[in-house]
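Subject: Structure handover

Hi,

Here is the structure I promised to pass on to you. Have a look at it first, and then read on for what turned up.

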Amino acid sequence: MNAFEVRLDTQTLSKAVRQDEWVAFLRAQRWFSGKGRAILSASPQACCSVDSALSVAVLRVSYGPDDHEDYLLPLLVGTSEELGAIAHVGGRPLLDALSREEGWRRLLEAFGRSRHVGPDLSLCVELLGAAPRQGKFRLGSVDQTNSWSIVGELFVKAYRRLQPGENLDVEVCRFLTRRGGTHTPVLRGVLSVEGSFGEATLLSLQEAIPNLGTGWTLACEQVAQTVDGTETDLAPWALLGRAMADLHRVLASEGPDAIGTLPLHPPDLQAVAVAAMALAREVLTELASTELPPAASGLAQVLRLRTAGLLRRIKAPLIQDGTCHRQRIHGDIHLGQVLWDGSTFSIIDFEGEPGRAVEERRRKQSPAKDLAGMLRSFDYAARAGVPLGTGHAGELLAHEWRNKARKAFRTAYEDAIGAEPFLPSDLVLRNKLVNLFELEKAFYELKYEMRNRPDWVEIPMAGLLDLVGSPA
């Protein structure tokens, strides 16, 4: 691509790219979390040249004197004018390397050296097996927090937001790979960056998992078939329940490198309830001042009328001390985080909920949180998958599918865990615990949708109204 070398450094980037160009680029990216915020400044803090065309920069986005986010940007210098250029360096387009096949391939070639050193940023390579080989390329969806592609037999994932320390996805995948997890990805390599912030993960290589699509795709297809009058096979959802039980069992397993478990004490659950209550009040306050589409406005009014009933349900169940444990869990599991190959599910993406602090995501929690998260996802699919024009009758059929799919999934999960201390043995307490996490998740979803996908706010609002109408 390049006929001559272009070695980008921090100073060159600072001079070549205006702040308004950085801001325009960021606001167009799905992975940028500050879309609704006023940006005070955007400027490169560090940069490392990887080869003659590829560099990696740390871009700092400031919202106030003590409020900023850092992003990792692999940058590619083109040879001729191309669409989507961030800016120009010496008359040549500066591109987001992760939007181009060549950028991904050059990043893979970086694994040929153990280290790439720059004046204020360095790249470190770790391989768990043979060096990566190039192959057929497919660029992943851009509608995600991170970026990914498939190159040959590898799933290559780039982590956009700089989080000091090893990325949680890599941390958990490394452990699961060592333990031989059967429903999770195999980690094959890591590309990290080192700078004044310490170390952070830029890229991970996992063995690509052959699949027919995500659980979300399968669920929405089944919803459409159900509304059309076609009987659907619920067996996959039982398989998903067993896969999640296997995941929890491996994460709780013992050994010299074990992540470990801790007893679930009443104060732990009380802390969950207090945090959920604070979240609920924050979300309801924000909802009152948010401009919504007409249909959503009607639901919001009903929700406001039933606020007292909702808040009364946010309470910690009285589980006997030490009868259950808490452990590392997935933390953000939903139907889009599982891959279906026609006979089994694989569970992916272990970063946790992006809207929560890393320390909170790393914390050991009740497996009931994952169970509740997947139950909420079936509700999402049932509401989002209804074909247009099918009206109230279509919604009722979709809700019937949801209830059956949730039951198949949950029953299989609970049967698979047996006497493991993942959930209370008392069914009443078990339901109260799952209900607490479902309420917390639904409020988290509503907050996320208001800030990122306003057209979807009806789904978590309707889910909350369903939950307030369910048995306590």
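With a nitrogen-to-oxygen cut-off of 4 Å, the count comes to 41 salt bridges. Please keep in mind that this is a predicted model. Side chains of opposite charge can pair when their charged atoms come close.

Salt bridges

Let me begin with E101 and R105, whose side chains meet in a salt bridge at 2.8 Å, N to O. Both residues belong to helix α3 (residues 101-109), and they sit four residues apart, about one turn of the helix. E101 has a relative accessibility of 39%, so it counts as partly exposed.

The next pair reaches across the sequence. E282 and R451 form a salt bridge of 3.5 Å, N to O, between their side chains. Because E282 is in helix α7 (residues 266-288) and R451 is in helix α13 (residues 427-452), this pair ties together parts that are 169 residues apart in sequence. E282 is partly exposed, with a relative accessibility of 33%.

E449 and R453 make another salt bridge, at 2.8 Å from N to O. Are the two partners buried or exposed, or something in between? E449 counts as buried, at 1% relative accessibility, while R453 is partly exposed at 28%. There is also a network: D332, E353, R356, E360, K369, E440 and K441 are joined by salt bridges that share partners.

E438 is in helix α13. Its relative accessibility is 6%, so E438 counts as buried. Which residues does E438 touch, leaving aside neighbours within four places in sequence? They are A372, L375, R376, R406 and L467.

T226 lies in helix α5 (residues 215-227) and is buried as well, with a relative accessible area of 16%. Apart from neighbours within four places in sequence, T226 is in contact with T232, L397 and W401.

Helix α6 (residues 235-251) packs against helix α12 (residues 391-417) at an angle of about 40°, and the axes are 7 Å apart. The crossing is right-handed. Sorted by class, the contact between α6 and α12 has 13 nonpolar, two polar and two charged residues.

An enclosed strand

Finally, strand β5 (residues 92-96). Why is β5 described as largely enclosed by the rest of the structure? Because five of its five residues are buried.

Strand β3 (residues 67-77) runs antiparallel to β5, and three bridges join them. In this part, L75 stands opposite D96 of β5. Strand β4 (residues 87-89) also pairs with β5 in the antiparallel sense, over three bridges, and here H88 is placed opposite P93. β4 and β5 form a hairpin with two residues between them. In that turn, G90 has a positive phi of about 60°.

Happy to talk any of this through once you have had a look.

Best wishes

Note on methods
Residues numbered from 1 in each chain as written. Predicted model: local features only at pLDDT ≥ 70, side-chain atom pairs only at ≥ 80, totals over all residues. Heavy atoms only, no water. Buried < 20%, exposed > 50% of the residue type's maximum accessible area, 1.4 Å probe, protein only. Contact = heavy atoms within 4.5 Å. Axes fitted to C-alpha atoms, helices over the stretch in contact; angles between N-to-C directions. Left-handed = near helix turned anticlockwise from the far one by under 90°. Nonpolar A, V, L, I, M, F, W, Y, C, P; charged D, E, K, R; others polar. Pairing = 2+ DSSP bridges.
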